[in-house]
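User: Hello! Could you walk me through this structure in a few questions and answers?

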Amino acid sequence: MANEDTNKKKISFQVIFPFLGLILILLLFSILTGGKLFSASSLKSTMNDGIYILLGTIGFTLLSAMGQMDFSIGFNMGVSCAVCCLVANAVSIYASIPAAIATGLVIGCVNGVIVTKTRISPMIATMGMMFILQGGVLVILNGSVLQAPLTMMSLYTTPLKILLLAGGIVLGFVLLEKTKYGRISKAIGASPETVRQTGINANKYKLITYIIVGGICGILGFVSLARTGSATNSTGGTLLFNCMNATLLGGVPLTGGPTTKFRGALLGALTISFLVTGMTLMRISAQNQQLIKGIIFLIAVGICFDRKNLKVIK
Amino acid sequence: MKKRILSVLMGVTLVASMFAGCGSSENKTEASEDKAETATEDTAEDKTETTETTAAAGDFECKPYSIALPFPESGLTSFEIARSNFDLLESQTNGEIINAASDLTPDGVLSFVESQVAAGVSGLVICPPSDSVLPTVTQLCEEAGVYWGITLRSISDPEIKAMVEASPYYVGNCYEDEETAGYTCGKWMGDAGYKKIAIISQAKGDTTCDTREVGLGKACEELGIEIVGESRGHAQASDTTAATESFLAANPDLDAIFFVGSACTGAHEACIKAIQDAGRDDVKVVTIDFPDAMTEDFETGVLAYSYAQVCLTYDPYISIIKVVNAIQGTPIGDDGKFTSNTMAMYGIDSVEAAKEYQAIAGNPKYLFYDEEELKSFYKWENPDLNEQTLQEMIDSYKVTE
Amino acid sequence: MSEEKLMLKVEHMYKNFGITKALQDVSFGVRQGQILGLIGENGSGKSTVTSIIAALQSADSGTMYLEGEEYKPKNSVEAIEKGICMILQEKGTFDLLTVAKNIFVGKEELFVKHGFLDVKAMNREAQKALDAIHAENIRAEMPLAALNFEDRKLVEVARAMYSNPKILVVDETTTALNRNGRDILYEIMKEMKENDKSVIFISHDLDEIMSVCDTVTILRDGVYIDTIEKSDYAAPVLRKLMVGREVSDNYYRTDKESCKNPEVVLKMDHVSCKDVKDVSFELHKGEILGFGGLGDCGMHILGNVAFGLTDPDLGKVTAGDGTVIKDAHVAMQKKIAYISKNRDQETLMVSCSIKDNVCLASYDKIAKGPFVFKKDEEKFIEEHSKGLEIKMQNTDQYVMELSGGNKQKVALAKWLGFGADIFILDCPTRGIDIGVKSNIYQLMIELRKQGKSIIMISEEMAEVIGMSDRVIILKEGRISGEFKREEGVTELVLIDYMV
């Protein structure tokens, strides 16, 4: 019995840790930078990067809730961005938005079909997809950088950014915490066999989630094009690592299940975003930034996971 | 329950900070526009002042500044040389030059500009992967009143070029004539009698390498050289080893392997070693950009020709000097305009030449210009400095000095 | 007897797991040169007592004597040093290591030279160990994953034998072995006997026990029942001692009439699947249909097939209206519910809250559109768990913290809330203490009264007889007997049909 009590205490600390982490990082950097962290330009910079990290992390969390993962999100974003750019040049910048999203959705759908119809593990399947897309970007871009019409950049407005951030947060929260979909996603993560024996078609839910994540990548592809006006073979290259880092920092277990909480994804994404801005403001050198990120990552994983019960990666 | 309250609070803070961020950034736009105007006025005034007080140039008091450069220190000799030169520049002009982390992706460049502006730098040097990030960079820098220049690139899109060059905060660019570089190497190989070559280059989409390959293509056509293999985007030396081995295996009559762009640390040495291991002393290596261990590479007899800027970091160095001049109110271009300069390149084809070069450039403390020489790059000291005279100074630069 | 020395003696051993009394005052002994068989039903405590001997667990009280001296092992390493080795019922090997490394796991320091592991020496030594048990076909340097299940068990045997034990404990190992493997094991046991060492052998297979063992000790419900020497062996007697518990408590059904409702709600038509061969039956409305047999008779798969989780190779399962039950989704549309024998892995999500578990099957009812609100969930649980008296702190408590009985109640609440009409309960009282057992029986009686139908699959004959309107006995996958309640069939009769 005493054992159970200590267990509970530990769990609650694991829940609190991401909050503490974010607060600590915010406080630390705002003091060390003399308040610069909350200056308009620094918040703007954080927000611009934060869109990718936040939306990507939400997608990643939806998948990890059911014990799935998608390694191809970064290059899905890259391919969507490339297609978006082609359409923007060939048709119009407005037609490029649905084109980008549709590309993302199709890739997500293929991922979903591969994972649900074959017995290939999500990690391997999406890693394969990642390589395919990596090559695909080069083919679409014909090897070089592709530039969108300059008017494309006029779409990257503050209302759009706020819409994406706020929309992502609200939709993500409702989806994961307030719907049947969210409940069943977590159940799939907790015990796929139980879900099967409860007559639920888990594959349907997995497929839907891969498609949603694909759609998010499509949106991010468009965002990247609207922000930078160009699609390159390295677009989206850092998305996966940042999102995985944020997911883990937020205490979201990669095996999924009931301990998957939306607030974890949100906190993780905010922490990573502010961490990067804060470190740049502090003028911490590139190598040391990597070092610090790595250390924080390890601490987070160490604290947030009870390794007896949960394996971080299956 | 506490958790929930906390998370709601967090959410509110985030949304509030977003609005705050956007709101005040708009205000700031206006403010910075004002500032830009005054800045241009200031520059004009400053300039008249400087011309008036040329005699008293030695008394010029430099404003403190900080300039960020998107190349983190990598430990390569050329970066150490850059640091030594930056140190001298910093001490003479009362500033700070920051080697910052940046991805060289479009998003990465914009994040670099945004975060450095937020950190309060007064100048920036960037290396854009594509032209289309430049309008945003121009806008960001104008808003913040930050002078900026481009290194290692030129702007090819005419519309963007016009837009960027119209900005009072753009100080200009430095670039290598990549096409000529590619052509020169191709010509050298043709003259040396090479007929079949394989190339190692960056992934397609790297502007520098793509342009060099265009030049190379022209030379190949002229001189009847055939490119029998290509391998791209090496991330580590073992990639180069593997590529070299497969080139050698597939082409028994290969003449040379040509590095179009420096791939990764140790790539050249890996290639040379693979050739030696295969016992194919008929195959030579030609490179653009000097290998770090150039003398040793020439000594093996495998490296035949290397062609490069005098020093990889000479280009950003000049770009930074341009930004410094602009920050100090004495932009190099006449009437405060931008300046565009190409960097001289030259070739080395023998152990002796390599030794001579490396004796100087292999020293991390090597200075491009000593204290006195450097002063002629400050317009407040040298009022005759302009685009043309700067180009002359660059062209006359020799590493043997 | 007197000239033969006692190798190991166990006296007055007690062990509780929570409320479950796994061992109560168990005493027995093993002589030198003796093969002792240990038999009993599931949960009779035979694995518990052997794992205490091998120091994998500790007893609550009681003493053990090894060759006359008090034996108090702190851990399994010490037990092995003292010469007691156990081959486990569960898998005790590491797939990713080589055979040799598996054999010498924990003993690698024997082969460390200058700080490096001498793999060759280890492989040589491991091969010797394998050859010693005549498992020459297994090569020491092979990765374990390359071996089939039988050979992996033999690797465990080689590991146990390498330490040259005085007492070898074999726990249900033979079920995992094929003929060849069994012969190897029997050979080893014979050699040990000849060398004046001892073996404790646990098996479900009565024939095997009788042919291999010199003496048999019977445990039931954690209590020592009797010890019988080889000369007195008689299968019926042993069986009776093993399973023949008196129905002392009055928690089963008291009525003696079977259900007479002719309406068929579930029908299995000539179904063959894996161990199940050509099984047909009909389940009537308001009927409790009991399935009994030995653990491997196929009845557990039958439940799986009836719920549509496993496709039958031949034949079909249909609901009362003739709909073919092709998957669990269709089964649930026909209001069928299934609680697996592996409840914690397959019916419940033990890492989730009680709420999540109870609601899982019923989100279609609870949700408003796509949305699920917490208060609706609370209401739903309130409605469906109140009669069950689940002992919990609140509905957010994790299921893994509950006792077996309460877990079972959560599983039942899940299906009651779903509103099932047909319940397929596989081993509904497995690992559950008496108090909760009677709760569950009462609930079954209640459901029957409401006109719901129940298929109860159980290895406990007493409850099958006590609860069912009709009992079907399976033997090796085929129906070997069917009895109506009014026939008043007894366990002894059923056992004849089972074995």
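Analyst: Gladly, and a definition comes before anything else: two strands pair if DSSP finds at least two bridges between them. Strands (E, at least two residues) and helices (H or I, at least four residues) are DSSP runs, numbered from the N terminus. This is a predicted model, where local features need pLDDT of at least 70 and side-chain atom pairs count only at pLDDT 80 or more, while totals for chains, interfaces and linings use all residues. Residues are numbered from 1 along each chain as its sequence is written, and chains are lettered from A and ligands numbered from 1 in the order in which they are written.

User: In which sense do β6(C) and strand β9 of chain C pair?

Analyst: Strand β9 of chain C covers residues 167-171, and in β9(C) the bridge partner of C:I87 is C:V170. Over 4 bridges, the sense of pairing between β6(C) and β9 is parallel.

User: Are the residues C:I84, C:M86, C:C85 and C:I87 of strand β6 buried or exposed?

Analyst: A residue is buried if 20 or more other C-beta atoms lie within 10 Å of its own, exposed if 12 or fewer, and partly exposed in between, with C-beta atoms placed from the backbone. C:I84 and C:M86 lie on one side of β6 (residues 84-87), C:C85 and C:I87 on the other. Both faces are covered, and all four of these residues are buried.

User: Which are the edge strands of the open sheet of 6 strands in chain C?

Analyst: The order in this sheet is β17-β18-β19-β15-β20-β21, with mixed pairing. Inside it, β15 (288-292) and β19 (453-457) of chain C pair in the parallel sense over 4 bridges, and C:G290 has C:M456 as its bridge partner in β19(C). Pairing on one side only marks the edge strands, β17 (336-339) and β21 (478-484).

User: Which element gives the largest share of the side of chain B that touches chain A?

Analyst: Residues are in contact if their C-beta atoms, placed from the backbone, lie within 7 Å. The contact takes 45 residues from chain B and 49 residues from chain A. Elements giving two or more residues to the chain B side include α3 (106-119) and α7 (207-223). The largest share, 14 residues, comes from α1(B).

User: And which element gives the largest share of the side of chain C that touches chain A?

Analyst: Here 24 residues of chain C are in contact with 19 residues of chain A. Both α10 (328-333) and α11 (343-347) of chain C supply at least two residues of that side. The largest share, 4 residues, comes from α10(C).

Conventions. Two residues are in contact if their C-beta atoms, placed from the backbone, lie within 7 Å.
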